[in-house]
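I opened this notebook to keep a record of what I looked up, going from the whole chain to single residues.

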Amino acid sequence: MSRFTLPRDVYYGAGSLEELKNLKGKKAVLVVGGGSMKRQGFLDKAVGYLEEAGMEVKLFEGVEPDPSVETVMKGAEVMREFEPDWIVSMGGGSPIDAAKAMWTFYEYPETTFEDLCIPFNFPELRKKAKFAAIPSTSGTATEVTAFSVITNYETGVKYPLADFEITPDVAIVDPDLVANLPVKQVAYTGMDALTHAIEAYVSTLNGPFTDPLALQAIEMVFDYLPASYRGNKEARENMHYAQCLAGMAFSNALLGIVHSMAHKTGAAFSTGHIPHGCANAIYLPYVIKYNAKDTVAAGRYAEIARRMGLPGTSQKALINSLCEKIDEFNVQLNIPKTLKDFGIDEEEFKEKVAKIAELAVGDACTGSNPRPITPAEMEKLLTCTYYGTEVDF
């Protein structure tokens, strides 16, 4: 038996933020990030709509990029004091991910972070509050997923938390919130969305409900990401929907080792934090070539290329076309081809790669990757992504 879970309600389209005024409750905690929603006036709008719904509103502001365990615990404490029946989070993946974890600790103060790191080990939520998510970037799709990524800065490791309990009740996908995204964010989040869709399509848990969502998302990213990067408003709106469709796919089909690698390298190097979407964009072509040694995965990568109208008469040619298309996107979006080009120090990479490889193999996303991988193979693969060498194993 398989399971397919989405939010109960997804509201989309320009101005859909206004749906907040139709939520039923007495108190809401509104969790936001670094200030862009406030500067653009969306925070005030959201507060106004919630108050129009008859709710008392408390803000939790300043969730950092790649939210920390400490931030999660502070937010949960605020919630325990305020006792909201709605938790609303607006912003990029970070505040929404953080709010999902806060929600759990609010309802279950006695649980431990270590408990939640075990995939699909969450207690039953909605005993005290429901959850609404409103994305302001077009990539993570955390507004429709069963995942949250929290960083332990003491160890430098990201923990992807996974459980259908933290799938939001309501998602509001309003393109107005992404109209003024910085181009770097458009690039990184767009490639994150593409990675989500491709990994979901080749995942060992793919199925008849997730495949159409993944393919539609890939097609929309191919059609709209370059124009969105150049600032086209229609393309920007369609990318917001594409990333949501990709999220629906991967929340149920899960992901693969592109994400395992990105999770374990994002905060690992002193010479520079690697934004999640940027890391995915770098790793994706290398991982496709690694996974394509598996015959089932090769067939599915070739099918993606065929469906997208990429050139090639043989399976190998189609897979090469897919990798070339991703490389082409990375060039257009000013994303480096290798970790070395990104600026990671070579000596530090050599010093840390074995440990990173071990952690990546143990990541929650590795289990649904179509081709198994050992720590030694992961180290070789990461080395290919550092130097730009061919994946021939």
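I began with secondary structure and noted, for what is a predicted model, that the protein chain has 15 helices and 8 strands. I then looked up the radius of gyration, which is 20 Å and close to the 21 Å that the globule rule gives for 393 residues, so the chain is as compact as a globular protein of that length. Along the principal axes, I found that the C-alpha atoms fill a box of roughly 60 × 45 × 40 Å.

Next I turned to burial and surface. I noted that buried residues make up 60% of the 393 residues, and that the chain exposes about 15500 Å², with carbon and sulfur atoms supplying 50% of that area. When I looked up the contacts with a separation of 6 or more, I found that residues 24 or more positions apart account for 78% of them. For the charges, I recorded 37 positive and 52 negative ones, whose mean positions are 2 Å apart.

Which residues touch the most other members of the largest nonpolar core? I listed Met191, Leu194, Tyr283, Tyr301, Leu322, Ile335 and Leu381, out of 90 residues in that core. Helix 6, residues 183-202, gives the most to this core, with 11 residues. Apart from it I found another core, of 30 residues, among them Val69, Ile96, Phe122 and Leu161. As a general remark, I noted that in soluble globular proteins nonpolar side chains tend to be buried together.

I then looked up Thr385, which lies in helix 15, residues 375-387.

My last entry concerns Gly93, which is found in helix 4, residues 93-107. Gly93 has a relative accessible area of 11% and so also counts as buried, again because that value is under 20%. With neighbours within four places in sequence left aside, I found Gly93 in contact with Thr137, Thr140 and Thr142. I also noted that the C-alpha atoms of Gly93 and Pro135 are separated by 7.2 Å, although these two residues are 42 residues apart along the chain.

Key. Residues numbered from 1 in each chain as written. Predicted model: local features only at pLDDT ≥ 70, side-chain atom pairs only at ≥ 80, totals over all residues. Heavy atoms only, no water. Helix = DSSP H or I, 4+ residues; strand = E, 2+ residues; numbered from the N terminus. Rg over C-alpha atoms; globule rule 2.2 N^0.38 Å. Buried < 20%, exposed > 50% of the residue type's maximum accessible area, 1.4 Å probe, protein only. Contact = heavy atoms within 4.5 Å. Areas by Shrake-Rupley, 256 points an atom, 1.4 Å probe, with all protein chains shown as cover. Lys, Arg positive; Asp, Glu negative; His and termini not counted. Charge placed at Lys NZ, Arg CZ, Asp CG, Glu CD. Core = buried A, V, L, I, M, F, W, Y, C linked by side-chain atoms within 4.5 Å.
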